[in-house]
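The exercises below are meant for a reader who is meeting this structure for the first time. Each one sets a task and then works through a solution step by step.

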Amino acid sequence: VSNGVSMAFDKRLIGLIIIVGFIAGLVGASYTHLMHSIQHFVYNYSSADHMSFGAAVARVSPVERLIPLIICGLIGGVGWFLIHRYGKGVVDIKTAVSGKMDMNPITTVLHATLQIITVAIGSPLGREVAPREASAGITTFLVKHFDIKQEDRQLLIACAAGAGLAAVYNSPLSAAIFTLETLLLTWNIRAMSAALICCGLATFVTRQAGVGDVIQYTMAQPSLGSHYVEFSIALGAIIALGVVLFNITQSRLPAIHRSSPVMIPISIVAFTLIGALAMYFPEILGNGKAGNELTFTNDITWTYALGLFGSKWAAVLLALAAGAYGGRITPSMMLGSTLAIVFGTFWSIAVAPISLGMAAFIGAVAFLGLAQKMPMTSCVFMLELTRFSVEMFFPIALTMGTALMVEQIVQAKLKTSK
């Protein structure tokens, strides 16, 4: 037995797993503090105001939303042009985990920090890719100095990325599932224990480093209501169609070489257009949490939800066309929750009344699971973010199951029609 244990985990690997968890926690805490400082400066509020980013953005005048976005386009355009022109090449996490290419720590940390700066100013993308990439980049540099097997190296880089997600969203379990489901593509005990320890430690370090045990969505849990079984199944089909369409529109974006100086004016124009949309729909700025806060509490009409759905969709496409980087987790959630509010309103009129807050929540879970190809992660992630009851798992299971099936059928039909 002792030989088996030493083969599975030598002391060096256990030590590195612990170090990686601490690194990811510190990265997550640093980026969280940096993001809040920039948000407070740009939108003129402080933590003493006890105000969410969404409320701060909605409070300022429409022009005060447009100007930061023009600046954001300039910073992002110049920043990513310089990184692509003079950096050592931006390597994504999956490529690094597969061992095909190494992340350059300096380029990666600069690239990740620029993501946090642009999201804090109002870029409509998510903040979670930055701590994942920075943690993975620093870990790549760290493991170079140790003589360890290639598979251990890949395990540590994947765990670093997962732990970065855990740190920034205070979600240790779903981040561990994310590491296994999307990066390592295995559920063996070795990978599982490493992922759980890394994500748990990162969460602990971030909580201790001045961030605290933050609940991302503090609203009361929406009631499940009645008649939700049939609705959950129908919603799965609607969400699947939404995701398929969203993926098609993303794939149609023009591909311009990122190291071309023409990206700078494109970025400024794209972010100016996002700013113009935000003059009417302030909740599209930042990752999308502001929109979810409205939909989960059903503080929103279906017409405004439809406007938010369309403007967030357009804003994400504009940011990606501009060459900006960022996460897609919360943007996907916002697209799902707003689409579900619209569908739920019509269902309530035509079929039977349902709880729209519940509809928004499970719509967010399903859209996120499909759009980011992480269905299991998404189911747990949303409950960790809200601390809602596990009774939500029942409608979530129905919606996610239907959505995955319908998505497969529609994609197969589209392939054969080509």
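**Exercise 1. The overall fold**

How many helices and how many strands does the chain have? Find also how its radius of gyration agrees with that of a compact globule.

*Solution.* Bear in mind from the start that this is a predicted model. The chain has 18 helices and 0 strands. As a next step, take the length of 418 residues, for which a compact globule would have a radius of gyration near 22 Å; the chain has 21 Å, and so the value agrees with that of a globule. Along the principal axes, the C-alpha trace spans about 65 × 55 × 50 Å, and 56% of the 418 residues count as buried.

**Exercise 2. Two ring pairs**

Classify the ring pair of Phe281 and Tyr304, then that of Trp302 and Phe346, and state where in the chain their members lie.

*Solution.* A pair of aromatic rings is described by the distance of the centres and the angle of the planes. The whole structure holds 15 aromatic pairs. One of them joins Phe281 and Tyr304, whose centres lie 5.3 Å apart with 40 degrees between the planes, and this pair is tilted. Phe281 sits in the loop between α12 (263–280) and α13 (289–296), while Tyr304 belongs to helix α14 (residues 302–321), and the pair thus links distant parts of the chain, 23 residues apart. Tyr304 has a relative accessibility of 25% and therefore counts as partly exposed.

For Trp302 and Phe346, the centres are 5.0 Å apart and the planes stand at 65 degrees; because an angle over 60 degrees counts as edge-to-face, the pair falls into that class. Trp302 lies in helix α14 and Phe346 in helix α15 (residues 329–350), so this pair ties together parts that are 44 residues apart in sequence. With 33% relative accessibility, Trp302 counts as partly exposed, and Phe346, at 44%, counts as partly exposed too.

**Exercise 3. The largest pocket**

Which residues lie closest to the centre of the largest pocket, and how does its lining divide by residue type?

*Solution.* Begin with the volume of the largest pocket, which is about 920 Å³. Its lining is made of 35 residues, and those closest to the centre are Asp92, Val129, Gly326, Arg328 and Gln372. Then sort the lining by type, which gives 19 nonpolar, 8 polar and 8 charged residues. Among the elements that each supply at least two residues of this lining are α7 (129–143), α11 (228–251) and α14.

Key. Residues are numbered from 1 along each chain as its sequence is written. This is a predicted model: local features need pLDDT of at least 70, side-chain atom pairs count only at pLDDT 80 or more; totals for chains, interfaces and linings use all residues. Side-chain values use heavy atoms; hydrogens and water are left out. Rings of Phe, Tyr and Trp (its six-membered ring) pair if their centres lie within 6.5 Å; planes under 30 degrees apart count as stacked, over 60 as edge-to-face and the rest as tilted. Helices (H or I, at least four residues) and strands (E, at least two) are DSSP runs, numbered from the N terminus. Buried means under 20% relative accessible area, exposed over 50%, partly exposed in between (1.4 Å probe, protein chains only). On a 1 Å grid over the protein atoms alone, a cavity is a set of points where a 1.4 Å probe fits but cannot get out, and a pocket is an open set with protein on both sides within 12 Å along at least five of seven lines; lining residues have an atom within 4 Å of a point. Grid points are joined across faces, edges and corners, and a volume is the space filled by probe spheres set on the points. Ala, Val, Leu, Ile, Met, Phe, Trp, Tyr, Cys and Pro count as nonpolar, Asp, Glu, Lys and Arg as charged, and the others, Gly among them, as polar. The radius of gyration is taken over C-alpha atoms; the globule rule is 2.2 Å times the number of residues to the power 0.38.
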